[in-house]
Amino acid sequence: MRRISRRDFVKAVGLTSVAGAIGLPMISRSAGSTAQIVVVGGGYGGATAAKYLKRYVPNSDVVLIEKNTDYYSCVFSNEVLSGESSMESIKFTYEGLAKRTINVVHALATEIDPNKKQVKTSMGKAFNYDYCVLSPGVSFNWGVIEGYDEAAAEKMPHAWKAGPQTVLLRKQLESMKDGGVVMIVAPPNPYRCPAGPYERAAQIAHYLKYHKPRGKVIIMDSKHTFTKQTLFMDGYKKHYGDMIEWRSPVDGGKVIGVDVDAGTLITDSDEYKPAVANVIPPQRAGELALKVDLADDSGWCPVDQRTFESKKYDDIFVIGDAADAGEMGKSGYGASSHAKICAAAIAARITGIEQPEPSYLNTCYSLITPEHAISVAMVYKLNDKGTIVGVEGAGGTSPRYAPEWVREREANYARGWFKNMTSDAFG
Amino acid sequence: MKKKLFAVVFCFFFCGMAWAASNEAQSLSVPCAGCHGSEGASKGEIPVIGGLSKVYLEATMKNYKNEVRYSTVMTRIAQGYSDQQIAAIGEYFSNQPWIPGSQEINASMAKRGEKLHMEKGCAGCHGAVGISSIATVPRLAGQYARYLFYQMADYQDPDKPISAAARPMRGMLAGLSDDDLEALAHFYASQK
Ligand SMILES: Cc1cc2nc3c(=O)[nH]c(=O)nc-3n(C[C@H](O)[C@H](O)[C@H](O)COP(=O)(O)OP(=O)(O)OC[C@H]3O[C@@H](n4cnc5c(N)ncnc54)[C@H](O)[C@@H]3O)c2cc1C
């Protein structure tokens, strides 16, 4: 484990004057500050990291660079598709973080220079850092599904980043005629929110059941199994009968291409023309992480899983969906858990007090109806090889055979979980 | 040794109390915030845990772990921690302030609940307003109503596991209707 020595500390403080002398339009350290920390990306990972860094090291300068002025949460965005939630209810601002004297800058981070230790932005300003935390989320592997690119997403939305894409998919569902088929193309592993496509199928079916009862949802999958599968399949059957169908690759579910103009999805053997096509493409780390060469061949960023420091560059930390976090699935809850550990690791570096043994948590609730939720939870630790692994004997999913009141209780708790997860990040 | 001393002095000087020797407990406890709210001050539905007593927190986590208490999710989580870790977690949350939940209260129901609370002798352990001086008895005042309702329904249910400490309540709650439980829950929730 790295500890800062007295000499390193002097060196770190010495940076202040150097930074001021270069003469670029840069933001430099405020008086008495122990460290300059730049967080890029204000989602679940980045917002939580900024908040906990400020809390652990109040005398540090924490800058949060986020391109959007509001954050639309993917978590609970499937409930917007069903009409159970509104866009307003998944919108969060950065006022809470600004009140905590975090310097929130709305700009696109265009580059990170690991040698100069500087983040450049679209507004021309560059920010020096002692430590940089990157939580850019995912980017899409356009073109792996032939014909599916950024332009195609305007006709066949992915809605895998909440915002205009969510609104577009909702509009398409609203204008669909009764009897129409909605096809959801589920992505290959690993991707953001393993349960997401399957919760989405239920939420769309929930909308159809009450507004277009002859409609159908077909999940076209390139995977042979998926998370909480029996719980989802049982829930589909119970509430939606045969309205939802899941097709594995064996049943011809693997979509290899799209024809946007014709509105068709193409598999090895067939072509389909659904009323609404929701194509969720394969994913990798956010663009900036790729550009700065923080990812490896897998498309994700290798990190020291104790600290989340990049294995490629010192003093840059990658958290959230973009990071390879061992056995942890990519989720908002997980991103927040990474953020707190990363903040602790950086605080340890700055103060010289040893970082405590990390402890990780991940949980995910999925709503099949507003009164029927299922959950998965896991506690993680670091093993001897430095990999994040589940603690034996802990965690798991909701029981398969459970009375309705159990599902209802979990649906109630899911609403509390959303409030708490978002206020912990943005409040 | 010298190095450590330097670090501690350094930390007090530069970062106040925020980052100090209690880090181990903090590391184990902050991930709970995603469900229970920052510092255990839940903003909705899931129970407030910040400010409960250390004795109760520890006992409850162990009860979940050993399946002596029913839960929808907590058993799966508590099983991830050693008893020693649970003690540290208990210490952490007991040192947080109790922030009552934010919820809508039905005043007439709360009134009826108060009457039941007195009649049924709940005050004997839970105090006049749901705040007890007994460390093993949790605070009810300001807790989320729906959560409290679920707990009372569980105590009534002969098929559910129950801890020795909770056992006296099974008899006391027997025969109370769901409406009664809801009234009690609203009474406790209405107290601050
Ligand atoms: C439909 C759906 C449902 C989901 N449901 C759940 C759920 O129930 N529970 C759960 O835990 N998770 C859920 N998730 C997953 C969750 O949304 C993600 O795992 C989580 O958002 C990851 O956090 P992050 O910080 O890595 O990325 P994000 O939250 O995506 O944040 C990244 C941020 O960085 C910004 N950014 C990126 N690049 C730059 C740049 N160069 N400059 C400036 N800013 C930049 C972006 O604007 C964005 O705000 C769901 C996801 C989807 C799609």
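How do the residues of the lining of the largest cavity divide into nonpolar, polar and charged? The answer is given below, after an account of the ligand. The model described here is predicted.

## The ligand and its surroundings

The shell around the ligand is made of 36 residues. Those that come nearest are Glu66(A), Tyr71(A), Ser135(A), Arg192(A) and Asp321(A). Sorted by class, this shell holds 18 nonpolar residues, 12 polar residues and six charged residues.

Why does the ligand lie between domain 1 and domain 2 of chain A? Both domains give residues to the shell, and the ligand therefore lies between them. Domain 1 covers 6–67, 107–139 and 284–426, while domain 2 covers 142–281.

## Backbone contacts and cover

For Tyr44(A), a backbone N or O atom is 3.5 Å from an oxygen atom of the ligand. For Gly332(A), a backbone N or O atom is 2.9 Å from an oxygen atom of the ligand.

How much of the accessible area of the ligand does the protein cover? On its own, the ligand has 990 Å² of accessible area, and the protein covers 94% of it. Five elements of chain A each give two or more residues to the shell: helix H2 (44–56), strand E3 (61–66), helix H9 (332–351), strand E24 (360–369) and helix H10 (404–426). The element that gives the most is H9(A), with three residues.

## The largest cavity

Four cavities of 30 Å³ or more are found in a search of the whole structure. The largest cavity holds about 90 Å³ of space. Its lining consists of 15 residues, and the closest to its centre are Lys340(A), Ile341(A), Ala344(A), Ser27(B) and Val30(B).

Helix H9 of chain A and helix H2 (23–29) of chain B each supply at least two residues of this lining. H9(A) gives the most, with four residues. As to the opening question, the lining divides into eight nonpolar residues, six polar residues and one charged residue.

## The second largest cavity

About 40 Å³ of space lies in the second largest cavity. The residues that line this cavity are Gly320(A), Asp321(A), Ala323(A), Ala325(A), Met328(A), Gly329(A), Lys330(A), Ser331(A) and His338(A). By class, three of them are nonpolar, four are polar and two are charged. Asp321(A) belongs to this lining, and Asp321(A) is also among the residues that come nearest to the ligand.

## Two backbone features in loops

Which two residues does a cis peptide bond join? The bond links Asn189(A) and Pro190(A), with an omega of about -15°. Pro190(A) is part of the loop between strand E12 (181–186) and helix H6 (196–211) of chain A.

Thr101(A) is a residue other than glycine with a positive phi, near 60°. This residue is found in the loop that runs between helix H4 (95–99) and strand E6 (103–106) of chain A.

Technical notes:
Residues numbered from 1 in each chain as written. Chains lettered and ligands numbered in written order. Predicted model: local features only at pLDDT ≥ 70, side-chain atom pairs only at ≥ 80, totals over all residues. Heavy atoms only, no water. Near = heavy atom within 4 Å. Polar contact = N/O pair within 3.5 Å; in protein donor to acceptor, adjacent residues only side chain to side chain. Areas by Shrake-Rupley, 256 points an atom, 1.4 Å probe, with all protein chains shown as cover. Nonpolar A, V, L, I, M, F, W, Y, C, P; charged D, E, K, R; others polar. Domains from an automatic or database assignment. 1 Å grid on protein atoms, 1.4 Å probe; cavity = no way out; pocket = protein on both sides within 12 Å on 5 of 7 lines; lining within 4 Å. Points joined across faces, edges and corners; volume = space filled by probe spheres on them.
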